[in-house]
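Here is a quick tour of how the side chains pack in this model. Have a look at the fold, then read on.

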Amino acid sequence: MEHELRWLRAHVIRCMEEAFGESPDLDGDGEPAFRQGTAALFVSCHDGGFPVVRVWAIAVTGLRSSPKLLREINEINARAMTAHVYYDAALVFVEQTLHAYGIDGQTLNQAVTAVTTVANDIGSLMAMTFGGDTPYPAEVEDVDARDEAA
C-alpha cells in the first residue's frame, strides 16, 4: 500500500508539472502544498481501500461554529458543482476528491481550479462576516498601475 502511495505521489507531481508548467512546492510529507490567492492549497494521496487524490484548501481559519455559519456553508454546497465545503475545528475547508486512476494534468488542473475558485470566493467574505482570517492576506493590486494600463 505504501509503495502504491509513493508511486501515486510521484505521478501527481508529474501531472501538476504538466498542468502548471513547474514543480509544485512540497510539504513535509512530500505532497504538493502552496498558496493560491488567500487560500492554502494541498494535494494529498490516500488509500482507504482504493487510492484517491484529495485536492483541498483551507479557506478560513479561526471561526467558531454557529447555525448561521453552517447555513451559509450549506447554501454554498447547494450551488457548488464539483467542490464541497465543510467546517471542522475552527477551519473552513474546500475539497474535491478524485479517483487516482483517472488523474492526469487536465483532471488535476480542473480540481485545483474548482477548489481554489470556491476557496477564494468565500474566504475573505466569511472571515469578515464570521470573525476569522484567511490563511494568506489578499494581495493588494497596484491601482495606479492598473489605471495606467487602461
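## Around V55

Leaving aside residues up to four places away in sequence, V55 touches L41, F42, V43, V94, E95, Q96, L98, L108, A111, V112 and V115, where contact means heavy atoms within 4.5 Å.

A word on the ground rules: this is a predicted model, so local features need pLDDT of at least 70 and side-chain atom pairs count only at pLDDT 80 or more, while totals for chains, interfaces and linings use all residues. Residues are numbered from 1 along each chain as its sequence is written, and side-chain values use heavy atoms, with hydrogens and water left out.

## The nonpolar cores

V55 also turns up in the largest nonpolar core, which has 36 residues; V53, V55, V94, L108, I122 and M126 touch the most other members. A core here is a set of buried Ala, Val, Leu, Ile, Met, Phe, Trp, Tyr and Cys residues joined through side-chain atoms within 4.5 Å. Buried means under 20% relative accessible area, exposed over 50%, and partly exposed in between (1.4 Å probe, protein chains only).

At least two residues of this core come from each of helix 1 (2–20), strand 2, strand 3, helix 2 (67–79), strand 5 (91–99) and helix 3 (105–130). Helix 3 gives the most, with ten residues. These elements are DSSP runs numbered from the N terminus: helices are H or I with at least four residues, strands E with at least two. Another core lies apart from this one; it has seven residues, among them A40, F42, W56 and I58.

## Aromatic pairs

There are three aromatic pairs in the structure. Rings of Phe, Tyr and Trp (its six-membered ring) pair if their centres lie within 6.5 Å; planes under 30 degrees apart are stacked, over 60 edge-to-face, and the rest tilted. F42 and W56 are stacked, at 4.4 Å centre to centre with 20° between the planes. F42 sits in strand 2 (residues 39–47) and W56 in strand 3 (residues 51–60), so the pair ties together parts 14 residues apart in sequence. W56 is buried, at 15% relative accessibility.

Y86 and F93 are stacked too, at 5.1 Å centre to centre and 20° between the planes. Y86 is partly exposed at 23%, whereas F93 is buried at 9%. Ring pairs link F42, W56, Y86 and F93 into a cluster.

C15 is buried at 4% relative accessible area, and C45 is buried at 5%.
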